[in-house]
Amino acid sequence: MKKACYIGGQWVEAKSYSPLYAPYSGEQIAEIAQADSDLVERAIAAAQEASAAMHRMPAYQRAAILEKISFIMNERLEEAAKIIALEAGKPIKTARGEVIRTIQTYKFAAEEAKRIHGETLPLDAAIGGEGRLAYTVREPLGVIGAITPFNFPMNLVAHKVGPALAAGNTVVLKPASQTPLSAYFLAEVAEQAGVPAGALNVVTGSGATVGDLLVTDPRVKALTFTGSPAVGIDIRNRAGLKRVTLELGSNSAVIIDKGVNLDEVIPRCIFGAFAYSGQVCISVQRIYVVKDEYEKFVERFVAETKKLVGGDSLSEDADYSAMISPKETDRALAWIEEAKERGARVECGGKVDGRVLQPTVLTGVPADAKLSCQEVFGPVVLINGVDSVEEAIELVNDSRYGLQAGLYTQNLSLALKAADELHVGGVMINDIPTFRVDHMPYGGVKESGMGREGIKYAIEELTELKLVVVKR
């Protein structure tokens, strides 16, 4: 299966193609276009040409198109889920959940397209402001460059494309090299839904070629990127006056206070740690348990983890499957070995079955080990004991990252204290940091990024505020 780029409403052949391999089986599943600078230039030009029409398009029409995207995706839900399972190695049950969220994300975008508005200002509150009417409006920026990761190849694309189109922008989308098929699927759906030619362009290829041109071309007015901190920081440094939204790394933590219901807490923490083999930006990577609960928590957590079933991502029985590439599996194994050499204990997992890394639980991991202070992005979680929630808060904050954090407690005062003191973009009380619904503001501090996603909030990032003053 040979897949070309989607530019200006047409499928455009590239000069070269690269094989795409399934993470679980290692088999080739497609040949993917590798765009050169000429194709990227053509995509940006198509998006620029379509900008005026998108700007003029009434809100109800933009909303109707986005609503139709969600409708078509719902009709093709199983097909979409199988694409994700195949190219991303995501278990089919989890892939279906992503498609359902993607459908909802485009519905949210359709609704928000009709709610983009400004406000009136009482200029007569200032001396000299009498006799004037003032109001603000939000206008689209123009061409948006969207660069997306492999781990949610449909929904994280939706979080960039949906708000951009809702606001009347056009998009040049560069999907992750491992998960281009989901983006091609969206291009088909968008065309069927009536997205104007050039309003959505999908360009596959290397970050050095496609990404670099999106960052440097002056016609691209904003960049929205999800990926590693190193790449995000480089984009920010080279983007000049472009708007930049960055969703970067994390090593999210959850704190377990004494007296909580472990029957509820442990299944949620296991889900947060091992869903999609931990390849989630807000995956539970660190668990800090108050010592009164520590031994019982570890024992029950490990017992439940051992019940998870690995296998082919297309199998209905699989709870987890292969990581995105053998290289990433080897890295995770190296980090586990480093922690063991530093005195950590592997309570379960830590081994590879075929191409699949088993869910791994470690205890006694030092705070400066890679598994604690960097982003593992794999099926690995540490559980350490603490004397108090206050100590745990300090450990959570002692990080380069600050995306989301969770706290389980029955103490309301302590919960509010944690909400104040945790230096993260989102605090989840009595839930794991992996919680996200698609209309909430989502983003981090420190090296976890800048700006916010969540449809309404992303639209604010992708529009310009204009002031109009009329003198009577």
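This is a predicted model: local features need pLDDT of at least 70, side-chain atom pairs count only at pLDDT 80 or more; totals for chains, interfaces and linings use all residues.
1. Helix α10 covers residues 291-305, which makes 15 residues. From its first C-alpha to its last, α10 reaches 21 Å, close to the 21 Å expected at 1.5 Å a residue.

2. Which residues of α10 are buried? They are Glu-293, Tyr-294, Phe-297, Val-298, Phe-301, Val-302 and Thr-305.

3. The buried residues of α10 are covered by several elements. Among them are the strands β13 (253-256), β14 (286-290), β15 (345-348), β18 (360-363) and β19 (380-386). Helix α9 (262-274) is also part of the cover.

4. Two packed helices are described by the angle between their axes and the distance between the axes. For helix α4 (residues 92-113) and helix α5 (residues 155-166), the angle is about 15 degrees and the axes are 9 Å apart. Angles under 35 degrees count as roughly parallel, so α4 is roughly parallel to α5. The crossing of α4 past α5 is right-handed. On the α4 side, the contact is made by Glu-98, Arg-101, Thr-102, Thr-105, Tyr-106, Ala-109 and Ala-113. On the α5 side, the residues in contact include Asn-155, His-159, Gly-162, Pro-163 and Ala-166.

5. Helix α4 also packs against helix α3 (residues 77-88), with an angle of about 125 degrees and axes 8 Å apart. These two helices are therefore oblique to each other. Here too the crossing is right-handed, as α3 passes α4. The α3 residues in this contact are Leu-77, Glu-78, Ala-80, Ala-81, Lys-82, Ile-84 and Ala-85. From α4 come Ile-92, Ala-95, Arg-96, Glu-98, Val-99, Ile-100 and Ile-103. Glu-98 of α4 takes part in this contact and in the one with α5.

6. Where is Glu-447? Glu-447 sits in the loop between β23 (445-446) and β24 (449-450). Its relative accessible area is 27%, so Glu-447 is partly exposed. Leaving aside neighbours within four places in sequence, Glu-447 is in contact with Pro-229, Leu-248, Gly-249, Arg-400 and Tyr-401. Ile-233 is 214 residues from Glu-447 along the chain, yet their C-alpha atoms are separated by 8.5 Å.

Definitions and conventions:
Residues are numbered from 1 along each chain as its sequence is written. Side-chain values use heavy atoms; hydrogens and water are left out. Helices (H or I, at least four residues) and strands (E, at least two) are DSSP runs, numbered from the N terminus. The expected span of a helix is 1.5 Å times one less than its number of residues. Buried means under 20% relative accessible area, exposed over 50%, partly exposed in between (1.4 Å probe, protein chains only). Contact means heavy atoms within 4.5 Å. Axes are lines fitted to C-alpha atoms, for helices over the stretch in contact, and angles run from 0 to 180 degrees between N-to-C directions. Angles under 35 degrees count as roughly parallel, over 145 as roughly antiparallel, 65 to 115 as roughly perpendicular and the rest as oblique. A crossing is left-handed if the near helix is turned anticlockwise from the far one by less than a right angle, and right-handed if clockwise.
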